Amino acid sequence: MAGRNQTVISEFLLLGLLIESEQKNLFYALFLAMYVTTILGNVLIIVLIHLDSHLHTPMYLFLSNLSFSDLCFSSVTMPKLLHNMQSQVPSIPYAGCLTQMYFFLFFGDLESFLLVAMAYDRYVAICFPLHYTTIMSPKLCFSLVALSWVLTTFHAMLHTLLMARLRFCADNMIPHFFCDLSALLKLSCSDTRVNELVIFTTAGLIVVIPFLLIIMSYARIVSSILKVPSARGIHKAFSTCGSHLSVVSLFYGTIIALYLCPSANNFTVKETVMAMMYTVVTPMLNPFIYSLRNRDMKGALGRVFCKKICSCYL
């Protein structure tokens with residue numbers, strides 16, 4: 001390390017999204033449209049749940065928090081990506097990079113915990129329908145949401161403080177479109193073994209355990225559904241869980257494909273595309289999954305619009 005340039009850097013260059021100059025405007029318009037769709041869709045869900053009393057249930061409490069998490073998760077990376085696409089130098093200050101990394105971890109972790117809470121809610125609703133209101137009490141629901149926020153706060157802060165103690169020397173080019181934790185560790189000229197150990201030990205808490213809990217919940221749900229003699233009951237149960245399963249597949253599928261199935265060829269390109277899937281595409285699709293395939297949400301949308309229209313004529 002003595003032979004390396006020890007100049008402390010003050011900014012990073014985000015080079016993960018390399019697009020030909022003649023195609024830059026096309027991709028800029030595409031990403032802008034996706035980001036605006038994400039914002040409008042998730043805000044619509046939050047507003048509908050707030051305005052319609054029929055949606056004041058545990059499932060929609062978790063959904064409103066998930067929509068807020070998706071909205072913020074996308075906003076952590078997309079505005080800077082759009083700005084850098086119009087800039088000659090795609091840079092980000094050192095402090096801004098650490099801040100982006102903190103909120104990226106925070107809202108990514110929050111989504112993982114909220115998906116577990118939603119899986120537990122569906123498990124209780126289908127396997128113990130007569131005891132649902134007793135088990136999923138307001139106190140338990142708010143406790144699950146609060147616990148999710150507290151755990152993600154400490155986890156994101158832990159990694160950010162550990163990253164802040166590292167030194168970065170000559171190389172300041174990040175082969176990514178945002179300040180990814182693993183990408184930053186590769187640039188550091190300090191000993192990163194403590195960081196890597198913490199990442200390994202906390203990965204189970206944030207990814208593996210939540211994923212296994214969701215699988216266990218839906219295994220019990222499927223087992224319970226198969227015992228229902230009515231075809232109508234089976235269809236209703238599967239339709240209730242369909243939207244949640246779609247979100248789980250999108251979220252964990254892209255993470256598993258990115259981090260557990262690495263490719264030796266064009267790793268940077270694959271990493272960028274897969275990261276775009278779970279940071280941009282998934283938050284954009286969630287509102288469509290929950291609103292277009294959910295009769296409760298469509299009913300709430302109709303009631304809210306009818307109420308607003310009627311109030312205009314009174």
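**Disulfides and cysteine burial**

I begin with C179, which counts as buried because its relative accessibility is 1%, under the 20% cut-off. Please keep in mind that this is a predicted model.

To which residue is C179 joined? A disulfide joins C179 to C97, with an S to S distance of 2.0 Å. The link of C97 and C179 is left-handed, with -125 degrees about the S-S bond. This pair links distant parts of the chain, 82 residues apart. C97 belongs to helix α3, residues 94-127, whereas C179 sits in the loop between β3 (173-174) and α6 (181-187). C97, too, has a relative accessibility of 1%, and therefore counts as buried.

I turn now to C169 and C189. Their sulfur atoms lie 1.9 Å apart and form a disulfide. With 65 degrees about the S-S bond, this link is right-handed. Here again distant parts of the chain are linked, the two cysteines being 20 residues apart. C169 is found in the loop between α5 (138-164) and β3, and C189 in the loop between α6 and α7 (193-225). Both C169 and C189 are buried.

How many disulfides does the count come to? The count comes to two. As for the order along the protein chain, numbering the bonded cysteines in sequence gives the pairing 1-3, 2-4.

Finally, a word on C72. Is C72 buried or exposed? C72 has a relative accessibility of 14% and so counts as buried, the cut-off being under 20%.

Terms used. Residues numbered from 1 in each chain as written. Predicted model: local features only at pLDDT ≥ 70, side-chain atom pairs only at ≥ 80, totals over all residues. Heavy atoms only, no water. Disulfide = S-S within 2.5 Å. Helix = DSSP H or I, 4+ residues; strand = E, 2+ residues; numbered from the N terminus. Buried < 20%, exposed > 50% of the residue type's maximum accessible area, 1.4 Å probe, protein only.
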